[in-house]
Amino acid sequence: MPRTCKDEAPLLVDSPVIKGRYVDLDGFTVGFETFEADADGAPVFRGLPDDRCQCPHWGLVLSGRFVLRYADREETYVAGDAYYAPPGHTPEVTAGTQVVEFSPSAEMRATMAVVSANMQAQSESGE
């Protein structure tokens, strides 16, 4: 049976805002994300359809506060909440938030390609 834990997952995103550890388990990506600073994630999703994340996620908030914004609503989650995030969202987090997410790997890779490019551009411009 495929398995992982936070300590075994490689650190693939290491920025001042987010530390992300990710592992593919048979077509699903398990992500352990820790947010070091308050952040509105909308800018890193620019370039995706409607400038929103197109990957669905199932997750659990371990600590902090996690907000998902959709075109027609906003949903807030706190420590202990499990959630499903359909495509079409942008996140907002507070410092100290930790989540564990499960996402289809193909959709996650496509989304992360755009997010990574946007994060790199922000880093180079000093945003």
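**Reading a loop residue and a pocket**

Trainee: Where is Asp26 found?

Mentor: Asp26 sits in the loop between strand 2 and strand 3. Strands are DSSP runs of E, at least two residues; helices are runs of H or I, at least four; both are numbered from the N terminus. The model is predicted: local features need pLDDT of at least 70, side-chain atom pairs count only at pLDDT 80 or more, and totals for chains, interfaces and linings use all residues. Residues are numbered from 1 along each chain as its sequence is written, and side-chain values use heavy atoms, without hydrogens and water.

Trainee: Is Asp26 buried or exposed?

Mentor: Buried means under 20% relative accessible area, exposed over 50%, partly exposed in between (1.4 Å probe, protein chains only). Asp26 is exposed, at 70%. Its phi is positive, about 55 degrees, although Asp26 is not a glycine.

Trainee: Where is Asp50 found?

Mentor: In the loop between strand 4 and strand 5 (57-63). Asp50 is exposed too, at 68%. Its phi is near 60 degrees.

Trainee: How many residues line the largest pocket?

Mentor: Rolling a probe the size of a water molecule over the atoms shows where empty space is left. A pocket is an open set of points on a 1 Å grid over the protein atoms alone, where a 1.4 Å probe fits, with protein on both sides within 12 Å along at least five of seven lines; lining residues have an atom within 4 Å of a point. Here 42 residues line the largest pocket. Val13, Ile18, Val44, Val115 and Met119 lie nearest its centre.

Trainee: Which element supplies the largest share of that lining?

Mentor: Helix 1, with eleven residues. Helix 1 spans 105-125.
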